[in-house]
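Work through the exercises below with the structure open beside you. Try each task before reading its solution.

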Amino acid sequence: MTLDRRRFLQLAATGMVAGLTTSACAQDTSEHARELNKPALLEMLGPERTREIGTQYRAAMPSENTAAALRDAISTSRHRQFPWILHKSIEEQVRDDFAAGRTVVVSGWILSETEARQCALYSLSV
Amino acid sequence: MHTDARTLENGSVIQGDLCIVGAGAAGISIAREWANSPLSVVLLEGGGFDLEPAMQDLYRGEIVGQPYFPLEAARLHFFGGTTGHWAGYCSTYDPIDFETRPWVPHSGWPIRREELDPFYARAQPILDLGPYEYDAEYWVKRDKELEPFPLDRNKVWPKMWQFSPPTRFGTKYRDAIVNARSVHLYTHANVCEVEANEAQSAVDGLRVRMFDGKEHRVKARCYVLACCSMQNARLLLASNRRATAGIGNAHDLVGRYFMEHLEIPSGELVLAKPQSTKTKMYEIDYGVTKARAELALTAQVQKEHGILNGTASLERGVLGEQVQSTFQFLPPELLKATMAWEKGGKVGPSPLSISLPPAATAVQQAAPRVFHLMTRQEQAPNPNSRVTLSTEKDAMGMPRVKFDWQLTELDKRSIRTYYKLLGQEMGRTGLGRVQLRDWLLSDDRTWPSFISGGWHHMGTTRMHADPKQGVVDANCRVHGIGNLYVAGAAVYPTAGAANPTLTLVALSLRLSDYLRTKLT
């Protein structure tokens, strides 16, 4: 589901937005769960380097050292970005991170915060 | 005309209207302009037409700062100068290189880029380059395979380079110089002193010395020092009989602000979609490619982040392999072997191709995914990066060079910032990811043992309108000395992102035009 900003504001004015938001988030969770565990970096760098990046990220961010914490951080970041109701793929979220300068350096790699967390998730899953 | 100065009687006097010291790219470029002049030009070259170990040894020096390449191997002391082993990489300096940048101490040229444009155009054929076109679109129109990465042009732009064959001045221009009606070339004529008049306001003459102790004097109306940044500084500093600090050194500037281009492996680029990403624009097939691009940050981005100008070039490779810096890649023995191979008619594979790392020769896949990112960045002008005189003397009795190459935090921070911004842009566009090399992850004061330049010696007699801030003025005349000029990269106030040769030839042509107005 996609929604442009004008339509969103119209719906908000008629009080329909709360329901839509809930619906979008539910769909979001189900559709992206698989994506989360499969960072695009896997194809670029291979499983070993991706796992290493993930491990390093978790070591540097002890508060995100569990799968739940990582998913939560990705989700929080996702819904922090306006327009937060839009259905965004993880790929789009990653690009948005880069555009906004939400990057981290892990093992020398300049990564979006989202994909660094994806790597961390991956490192927990293998 | 040509005379081997060793054949002259001791105490000979050589006379001309203009005397050029040094027959490298700068000196020969100027001399060619005067070939049919009604005025007479004396061109002095310390070496002969072939490399001689004893001559090269005169360039040996003491290295006390950052590790550096052996000085006697970095520059060539014979007719043609260091064009005898240069690689032929040419590009223009960018307009921002000439500007005073508040975030770059001591930056700013007393001339603008536009003033050099006509001379750049004239320099192109001298270096056997193509048309004076450094706009990416020009080259893209001529080769459909060339496609710039779809990056935001307000941030990252394709800086174009052209490649000289490379022109060996010693070979290509030997006959033209020797047969020039108005130019008299003297080889084995090492200048050991610039003699100032009593008032130290003009040069009276030059003293030329042979290994056997013979000396000659050279008298001219104007003198141009064109024997490279280190040797120009050495000669001026050592000419201290009347001016105790050396000629042109009233403000302790001669020898300071030595600059190099930092050429060092700095990162990796991994493409997300190698099958659909065209990379030819950024690659070089040495000896075949006429022009290619390097990735540069725009002037606006440099300003926003307070960083120096620089580029990254792409070299195919594999992740995790060792990548060599320029100095590591081309040790003195290999340089020597390559010159011998060229001189011998290029029979068999070049020593260079034999020594190439496996990645450079083996990775020939159609759609490479990994590229090493090689930095080429200006060094910030730094008064503490300098050439002074050693207590050791060479075989001519001249003090050797004492070389203290010093870098600043701005140099390293600029490289790191460059790659972070490039990485963000690569990620934003989905083109790929960038990795910083380990040495960039440490603090800004430490440099790796493999720190490298490109044998690009610049500065030491920098150009500035104010005598307290520069050795030469905008016309390359030494402040306070009416008839002494400096040609070559020694006058650069800042190093620019591009290799120096094209710009130094352009500046030499500009100086030549100026001298014509002075002498005629």
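A residue counts as buried if 20 or more other C-beta atoms lie within 10 Å of its own, and as exposed if 12 or fewer do. Keep in mind that this is a predicted model.

**Exercise 1. Strand β7 of chain B**

Solution. 
- Step 1. Recall a general rule. Side chains of a regular strand alternate between the two faces of the sheet.
- Step 2. Sort the residues by side. B:V156, B:P158, B:M160 and B:Q162 lie on one side. B:W157, B:K159, B:W161 and B:F163 lie on the other. Both faces of β7(B) are covered.
- Step 3. Look for the partners. β6(B) is joined to β7(B) by two bridges, and the two run antiparallel. Here B:C90 has B:Q162 as its bridge partner.
- Step 4. Turn to strand β14 (residues 291-297) of chain B. Seven bridges join it to β7(B), again antiparallel. B:M160 pairs with B:A293 in this case.

**Exercise 2. An open sheet in chain B**

Task: Give the order of the four strands in the open sheet that contains β2 of chain B, and say which strands stand at the edges.

Solution. 
- Step 1. Read the order. It is β2-β11-β10-β9 (chain B), with mixed pairing.
- Step 2. Find the edges. β2 and β9 (190-196) of chain B each have a single partner strand, so one side of each is left without a neighbour in the sheet.
- Step 3. Check the twist. From one strand to the next, it averages 25 degrees.
- Step 4. Examine one pair. β2(B) and strand β11 (residues 215-219) of chain B run parallel and share three bridges. Within this pair, B:V13 is opposite B:R217.

**Exercise 3. A loop residue**

Task: Is B:N10 buried or exposed?

Solution. 
- Step 1. Locate the residue. B:N10 sits in the loop between β1 (2-4) and β2 (13-15) of chain B.
- Step 2. Count neighbours. B:N10 has 10 other C-beta atoms within 10 Å, so it is exposed.
- Step 3. List its contacts. Setting aside neighbours within four places in sequence, B:N10 touches B:K214 and B:E215.
- Step 4. Take one distance. B:N10 and B:F49 are 39 residues apart along the chain, and their C-alpha atoms are separated by 22 Å.

**Exercise 4. Two helices of chain A**

Task: Describe how helix α3 (residues 41-60) and helix α6 (residues 113-125) of chain A cross.

Solution. 
- Step 1. Survey the chain. Chain A has six helices and two strands. From the N terminus on, they run α-α-α-α-α-β-β-α. Buried residues make up 28% of its 126 residues.
- Step 2. Two packed helices are described by the angle and the distance between their axes.
- Step 3. Read them off. The axes of α3(A) and α6(A) come within 7 Å and cross at roughly 85 degrees. That makes α3(A) roughly perpendicular to α6(A).
- Step 4. Name the contact residues. On α3(A) they include A:L41, A:T50, A:I53 and A:Y57. On α6(A) they include A:E115, A:C119 and A:Y122.
- Step 5. Classify them. The contact of α3(A) with α6(A) has eight nonpolar, four polar and three charged residues.

**Exercise 5. Contacts between domains and between chains**

Task: How many residues of domain 1 of chain B are in contact with domain 2 of chain B? How many residues do chain A and chain B each give to their contact?

Solution. 
- Step 1. Start with the domains. Their C-alpha centres lie 33 Å apart in chain B. 16 residues of domain 1 of chain B contact 18 residues of domain 2 of chain B.
- Step 2. Find the main contributor. On the side of domain 1 of chain B that touches domain 2 of chain B, α5(B) gives the most, with three residues. That side divides into seven nonpolar, eight polar and one charged.
- Step 3. Move to the chains. Their contact takes 15 residues from chain A and 16 residues from chain B.
- Step 4. α3, α5 (90-100), β1 (103-106) and β2 (109-112) of chain A each supply at least two residues. The largest share, four residues, comes from β2(A).
- Step 5. Classify this side. The side of chain A that touches chain B has 10 nonpolar, four polar and one charged residues.

How values were computed
Residues are numbered from 1 along each chain as its sequence is written. Chains are lettered from A and ligands numbered from 1 in the order in which they are written. This is a predicted model: local features need pLDDT of at least 70, side-chain atom pairs count only at pLDDT 80 or more; totals for chains, interfaces and linings use all residues. Axes are lines fitted to C-alpha atoms, for helices over the stretch in contact, and angles run from 0 to 180 degrees between N-to-C directions. Angles under 35 degrees count as roughly parallel, over 145 as roughly antiparallel, 65 to 115 as roughly perpendicular and the rest as oblique. Two residues are in contact if their C-beta atoms, placed from the backbone, lie within 7 Å. Ala, Val, Leu, Ile, Met, Phe, Trp, Tyr, Cys and Pro count as nonpolar, Asp, Glu, Lys and Arg as charged, and the others, Gly among them, as polar. Domain bounds come from an automatic or database domain assignment. Two strands pair if DSSP finds at least two bridges between them.
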